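Me: Could we go through this structure together? I would like to begin with its charged pairs and then turn to the backbone and the surface.

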Amino acid sequence: MSAATIAEPFLLSSYPESSAHRKHSAVPVYASLPSSSDADPFVSVAVQGDGVHVLDTSTLHPAVAHTLGPSTSFSCPPASRTRQSGGTRICNTYAILETGPDVQPEGKGKTVVAWEEPLSGGVMTAEGQGEKSRRVAVAPHPVSHIYAPEYLADTTVLVGPTGQVTTLDEELRVRHTSTPQNHQATTLLKHFLFQSSACSFLPPPAAASCSAVSVSFLRSGDIPRISVVGVTEEGGLNTLGESALPVEETDIVDISCSNTGFISVLLHSGVWHALSLTASPSSSLSVSAAAEPLRLQALTYTSPNRAGEASVSALTSSHVLLAAVSSGSPTEIVLLLWDLRYGVLLAEQAIPAPSTLPRPKKTGAFVRLSTLPVPPADSPAGKSTSIQLNGLLVLAPAPDRDVQADNSPARSTLLVVPVTVPTKSTIAAAMGRASAGARWHSTKQGPNPSGQGPRGSPEMSVAARKALKEMKAALAGGNVAGAEAAFFEYFKPDNSRKAIAAAKADAAEGRVAPVEHAFAQAALAMVLPSVNNAGSHASAPATYSAKIVRHLLERRAVSSSMVQGGVLPALAAQGDWETISLALRHVSDLPETDIVALLSKVVAAHRQASSGDDNAMQVDASSVPSLESFLAQVVVYPFTPALQRVAIRKHLPDAADVLPVLTTLDAWIVRHTADDALLAPGTTSSELPPLDKVLAFLQPVLDASFLALLAHAPAHTVLRALAGHVAPALALTSALEHLCGPLEPFAKAAAKAQQAQQAQAQQTKAAAESKQDASGRDWRRKRKAAHEQAQIAVGLYQVEELVL
């Protein structure tokens, strides 16, 4: 097992801040690494007010330099690639100019400049410095990223600030452009370009159809989403899918993405999400939580106006490298290598913050981290247990700092960070590392905004998010009807043919269309306040809506764990016994203690009503169901005998409370064991549970309360009656067991005949409906034909033409 390590970073280059560009809100330095692991170790740097430099990390010397003058500024990191031509290495360098001598007003942020230079000994030759090797073009849109990977030898990829993707040929002519299909305003948050053969999250047909994969993280309104576009060898663009990110907070600091589809989203609140991206052959993307999110602490990026002091970069598997500024004293730049799948820190490194890096309170500094792409899994490096990668750390003054308030000289520093990381994430490497990140890992739980499901829950659709947002706004104003309207608007059926066919198939087979778990939980949290152990409301005040809760129950979208303290206690606090009855029919994980607690309340109301005490009748028990009807539901609900005994001892400790329950059970046993009932065909009744269920429920009741019942004299009569009714029933049942074998064929035949009768009734009903529809259509067809015939008919005394 190889250990993860972060070596001490070393200086690659340092650049002073240009005085001509201190008044512009632009990053002083842009830098980028090669787009593939087997490319030359060149770092492309664009310095505002200076030019473009290509640095060789193996020699720490410039390989190519282009000085453009103090009036030149850039809008994004440059790109470079090398190739062999006739035995000579050629270096192509690309940059996007924001301003400069050759930039027209309409070309700001869109002017593409390309240089082509031969290299000799890793350095640009004198012959390559002429103007003939320089080409200039204007892109069709502003450019935020430019790529020139070796695996796209004749293609350059441009990415715009709103998510546009454009490909250029060798002469910088536009080949194709792809625009995100969205009606809302879109903003690019982060972008990545991968070699398609290394993308394991794509299905093989999609990966084989393209040479590169463009992954864009966008924000449409308040919803972050991901868009994947394939780039072919000829520069064609194919949309591979889009999906929303299951992240509610919109204050995103940085995003990382690996070629395996492992995504991490760092939020300003300190939460660090781990997500997984998968794509299907039908061009549908799916993003889900890969692990529980981390909550970081002791880092300055969580402070106001300091979001630029943190950056993340994906490595192998679920390993992610984080660069940030520590909040302690002295101020340090910390590099933390995390395995987000297990939430452990594998390695860390700290360096003092450069004295030439200004960090004013209002803006902080600019920290950007990037790493070389991981070698493909089928390469020799990818087959080893660990991989050595170089990261690039850029430390620069914040672009929007107050220059007049800070006149100290500032420099931008480029550092190379050597990293050794395991190829795969294993639990063996994570074992024993739980306390390694205790300084940076916060155990405090962050606020869970209303409308958001639990951390790690599946993503919600756009329609679900919209419905929750409208419900939240309506409930904030006390408009319960508006919240219910927004809720049921989400459940309106789709009128497409596919949706109608699916709905008919579900109805024919008795299935209920599933509801998004995260949506159901968030909606339930809005309209059903939770209850703590003391019986008081544990959640924030919420407006109760019985319609929403009942609809979710009927669609079997509710579990007891969705509400803190349980669903039944929350419903009991609202006094909604009708909904409680619905929950007993449609919720499958209700705890025994909650059910018996409600049973004790029903028993108390039953005893008060039977006592005839005027003071007792002051209690409003009009909505409490009768003991027989509620106990019938309790008896048929599945339970564990051991837990049932504990619940009965806790909530029905008094023998006087158990006595009405035993009396009701005894009455049911009498009805079942009557001579005419034992041999009668089985019937279903909500007021009379099956005999086996009654006897199964009676057993834990007697086990838990038998001693208390013996000490309670009024219970002796009921106990003797139970013994007198149960013993003959058991004897008769034992005698009738011998008839099971001989009568089994007849029972099967009766069940088969009943099923055939039901199927025939359904067919008759369907035929009648189809006949009615057909008769309606025939009537309309006959009426239309008669109307057309009347239009063209010739009457008896009508003459159209007379020839003599």
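Predicted model: local features only at pLDDT ≥ 70, side-chain atom pairs only at ≥ 80, totals over all residues.

Me: Which residue pairs with Lys 190?
Reply: Lys 190 forms a salt bridge with Asp 254, at 2.9 Å from N to O. The pair links distant parts of the chain, 64 residues apart: Lys 190 belongs to strand 17 (residues 186–195) and Asp 254 to strand 21 (residues 252–257). Helices (H or I, at least four residues) and strands (E, at least two) are DSSP runs, numbered from the N terminus.

Me: Is Asp 254 buried or exposed?
Reply: Asp 254 counts as buried because its relative accessibility is 5%. Buried means under 20% relative accessible area, exposed means over 50%, and partly exposed lies in between, with a 1.4 Å probe and protein chains only.

Me: What about Glu 309, which residue is its partner?
Reply: Glu 309 forms a salt bridge with Arg 306, and their closest N and O atoms are 3.0 Å apart. Glu 309 is buried at a relative accessible area of 0%, and Arg 306 also counts as buried, at 11%.

Me: And Lys 492, what does it pair with?
Reply: Lys 492 is in a salt bridge with Glu 489, the closest N and O atoms being 3.0 Å apart. Here Lys 492 counts as exposed at 52% relative accessibility, whereas Glu 489 is partly exposed at 45%.

Me: Turning to the backbone, where is the cis peptide bond at Pro 330?
Reply: The cis bond runs from Ser 329 to Pro 330, with omega near 5°. Pro 330 is placed in the loop between strand 26 (319–325) and strand 27.

Me: What is the phi of Leu 60?
Reply: Leu 60 has a positive phi of about 60°, although it is not a glycine. Leu 60 lies in the loop between strand 5 (51–56) and strand 6 (61–67), and counts as partly exposed because its relative accessibility is 37%.

Me: And the phi of Ala 298?
Reply: Ala 298 has a positive phi near 65°, in a residue other than glycine. Its place is the loop between strand 24 (285–295) and strand 25 (310–314), where Ala 298 is partly exposed at 27% relative accessibility.

Me: New topic: which residues does Gln 644 touch beyond its sequence neighbours?
Reply: Leaving aside neighbours within four places in sequence, Gln 644 is in contact (heavy atoms within 4.5 Å) with Glu 592, Val 596, Phe 639, Phe 697 and Pro 700. Gln 644 sits in helix 13 (residues 641–651) and is buried, with a relative accessible area of 4%.

Me: Where is His 606, and what does it contact?
Reply: His 606 is in helix 11 (residues 592–611) and is partly exposed at 28% relative accessible area. His 606 and Ser 626 are 20 residues apart in sequence, and 7.1 Å apart in space from C-alpha to C-alpha.

Me: Last, the surface. Which residues make the nonpolar patch of about 340 Å²?
Reply: Tyr 342, Ile 427 and Met 431 make that nonpolar surface patch. Patches are made of residues with over 30% relative accessible area and no salt bridge; like charges are joined within 9 Å, and nonpolar side chains (Val, Leu, Ile, Met, Phe, Trp, Tyr) within 5 Å. Accessible areas come from the Shrake-Rupley method with a 1.4 Å probe, and for residues only the protein chains shown count as cover. Tyr 342 is in the loop between strand 27 (332–339) and strand 28 (344–352), and counts as partly exposed at 36% relative accessibility.

Technical notes. Residues numbered from 1 in each chain as written. Heavy atoms only, no water. Salt bridge = Lys/Arg side-chain N within 4 Å of Asp/Glu carboxyl O.
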